[in-house]
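Take a moment with the sequence and the fold, and then read on.

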Amino acid sequence: MAVGARSGHDEPEKRADEAIGDDVTGDDVTDDERAHDDDDGAAADRSGRSPKKPRSFWKELPLLIGIALVLALLIKTFLVQAFSIPSESMMNTLQRGDRVLVDKLTPWFGSEPERGEVVVFHDPGGWLEGQETPDPNVVQKFLSFIGLMPSAEEKDLIKRVIAVGGDTVSCKEGGKVVLNGVALDETSYLYPGSVPCQDSFGPIKVPEGRIWVMGDNRQNSLDSRFHQQLPGGGTVANDQVVGRAVVIAWPVTRWATLPVPDIFDQPALNKAVGAAPLGAASLAAALPLVLWRRKKRTAGHTAE
């Protein structure tokens, strides 16, 4: 009985030793790690596929290019667009070959051209008649379409706004441009040696919703003065204006902004415009009083 009892106790002790030995000398994998591996394996078995690998750069490149092109097209359509200066009509403010950036955003919010701004506008009809337009290749057309280079096919012009709707503008040969009765000192932006006008014109009342434009190089600019025989009398409709040129972007040696000259900030220009409507309003207000006095006088003569 004693031997039997002793041999019966040896069996559990041996199993315990083996279990301890497994924990001490076995693999360096904890129970938590084994459970995690089992879970991953089970998930992979259930989904039937291995975990996703990140895409390579070359597979994502076409998508990135597509996004960049869409953004460029949106910027060109709604924000800014590059234009190339093809002539010398705006020297020295702008020189042939300059690239300017045109603000196309503010017109979407109802902004209209103002005096003194340099604006790009579509040909109102007949201004560029007979002038050759470049024939760009396929790559140039594509880059122009998305706004990464100036358009060579569009018939656009760039001039300075001198007068807006409601203004009266004129000039005597060899004299200064007169805007709403105020003689403008344009020396800050006119081409050196250029006179404000070599031929007389006006006075011209600019219709509402239109502008009168002139180049800074007056002796080399076919502007509003030379198209008075066309519909609009040389003026340009506001809805033909693409936007305001705000900066010279290229070449880098000519980086500069295109601010409005101080002469167009004179309060006298606005007072002159407002004088006519004010006079009409005064006349309308005084008319009933005049008629009343005349009626009273007539009644007095009848009584006599």
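## A walk through the model

Q266 has a relative accessible area of 27%, so Q266 counts as partly exposed. Do keep in mind that this is a predicted model. You will find Q266 in the loop between β12 (256-257) and α5 (267-303). Its C-alpha atom is separated by 9.2 Å from that of V182, although the two residues are 84 residues apart along the chain.

Next, the salt bridges. The count comes to six, and three of them are set out here.

| Pair | Closest N to O distance |
|---|---|
| E117 and R244 | 3.9 Å |
| R225 and D223 | 2.7 Å |

Are its two partners buried or partly exposed? E117 has 10% relative accessibility and therefore counts as buried, the cut-off being under 20%. R244, in contrast, has a relative accessible area of 25%, so R244 is partly exposed. For the remaining pair in the table, both R225 and D223 are buried.

Strand β11 (residues 241-250) comes up again at the second largest pocket, where this strand gives the most to the lining, with three residues. How much space lies in this pocket? The second largest pocket holds about 230 Å³. It is lined by 14 residues, and those closest to its centre are P107, S111, E112, P113 and V241. By type, the lining of the second largest pocket divides into four nonpolar, five polar and five charged residues.

Finally, turn to the surface. L79, V80, L105 and F109 form a nonpolar patch there, and together these residues have about 370 Å² of accessible area. V80 has its place in strand β1 (residues 80-84). With 34% relative accessibility, V80 counts as partly exposed.

Conventions:
Residues numbered from 1 in each chain as written. Predicted model: local features only at pLDDT ≥ 70, side-chain atom pairs only at ≥ 80, totals over all residues. Heavy atoms only, no water. 1 Å grid on protein atoms, 1.4 Å probe; cavity = no way out; pocket = protein on both sides within 12 Å on 5 of 7 lines; lining within 4 Å. Points joined across faces, edges and corners; volume = space filled by probe spheres on them. Helix = DSSP H or I, 4+ residues; strand = E, 2+ residues; numbered from the N terminus. Nonpolar A, V, L, I, M, F, W, Y, C, P; charged D, E, K, R; others polar. Patch = residues over 30% accessible without salt bridge, like charges linked within 9 Å, V, L, I, M, F, W, Y side chains within 5 Å. Areas by Shrake-Rupley, 256 points an atom, 1.4 Å probe, with all protein chains shown as cover. Salt bridge = Lys/Arg side-chain N within 4 Å of Asp/Glu carboxyl O. Buried < 20%, exposed > 50% of the residue type's maximum accessible area, 1.4 Å probe, protein only.
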